[in-house]
Amino acid sequence: MAGCASTEPAAPPERLGLKLSPASLGASISLQQHLTVERNGRTDQLDAALEIDPKELNMVGLALGQRVLTLHYDGKTLESWRHRMLPSQVRADDVLEDTQLTLWPVEAIRKALPEGWKIEQQGLRRTLLRDGVPVTVIVYSNASPWSGKVELTNIRYHYRLTIESVGGDSSSTPIKIAAP
């Protein structure tokens, strides 16, 4: 009987699939960011321009001065373009989800979570859990999620994303992360 057992690796668990409306951010922002992704001993870097207003989210990613990723999300439809040099693990849905997990207010995220998912905020640390098990941990360098450095560690998919905002403007009062 053991010889008949499947040796195929198990499919990875599903992602959360978070897709919040741009308006639920509660602000309009324009940021320049430097992203560093560490996965399987490999480090990739990307510069990004991110603009969010109540109607839409737009992001352009550049690597070595060349456009490698474009995202447009209007709260209903996510449109994307990717350069063939971009690693296949970088998916538009995941980029949107990580962006929203790091920037959106915890209450907006909490309201959108499906059954079995939970998000906790303690000081400058945010934890996303599935059935009580941590999936993603986000640590902020300061109380504003769109300034300074943010480190997102995705435990389930084994990668770390470091976001450094190098310039930005907010036309609304920033949503502050809860202080310790």
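Predicted model: local features only at pLDDT ≥ 70, side-chain atom pairs only at ≥ 80, totals over all residues.
I took helices to be DSSP runs of H or I, at least four residues long, numbered from the N terminus. On that reading, Asp98 sits in helix H1, residues 92-103.

**Overall layout**

I looked up the secondary structure and got two helices and ten strands. Along the sequence the order runs β-β-β-β-β-α-α-β-β-β-β-β. Of the chain's 180 residues, 40% count as buried. I also checked contacts between residues at least 6 apart in sequence, and 47% of them join residues at least 24 apart. The accessible surface is about 10100 Å², with 52% of that belonging to carbon and sulfur atoms.

**Helix H1**

How many residues of H1 are buried? I got eleven of the twelve, so the helix is largely enclosed by the rest of the structure. The buried ones include Glu97, Asp98 and Gln100. From first C-alpha to last, H1 reaches 16 Å, close to the 16 Å expected at 1.5 Å a residue.

Back to Asp98: is it buried or exposed? Its relative accessible area is 7%, and the cut-off for buried is under 20%, so Asp98 counts as buried. Skipping neighbours within four places in sequence, I found Asp98 in contact with Arg15, Leu152, Tyr159 and Leu161.

**The core**

The largest nonpolar core has 44 residues, and Ile29, Ile52, Leu101, Leu103, Trp104 and Ile109 touch the most other members. H1 gives the most to this core, with five residues.

**Salt bridges**

My count came to eleven salt bridges. One of them pairs Glu38 with Arg160 at 3.1 Å, N to O. Glu38 is in strand E1 and Arg160 in strand E10, so this pair ties together parts 122 residues apart in sequence. Both ends are partly exposed: Glu38 at 29% relative accessibility, Arg160 at 34%.

Next I looked at Arg91 and Asp94, whose closest N and O atoms are 3.0 Å apart. Arg91 is partly exposed at 40%, whereas Asp94 is buried at 10%.

Asp131 and Arg130 also make a salt bridge, at 3.4 Å between the closest N and O atoms. Here Asp131 is exposed at 57% and Arg130 partly exposed at 30%.

Key. Residues numbered from 1 in each chain as written. Heavy atoms only, no water. Buried < 20%, exposed > 50% of the residue type's maximum accessible area, 1.4 Å probe, protein only. Contact = heavy atoms within 4.5 Å. Areas by Shrake-Rupley, 256 points an atom, 1.4 Å probe, with all protein chains shown as cover. Expected span 1.5 Å × (residues − 1). Core = buried A, V, L, I, M, F, W, Y, C linked by side-chain atoms within 4.5 Å. Salt bridge = Lys/Arg side-chain N within 4 Å of Asp/Glu carboxyl O.
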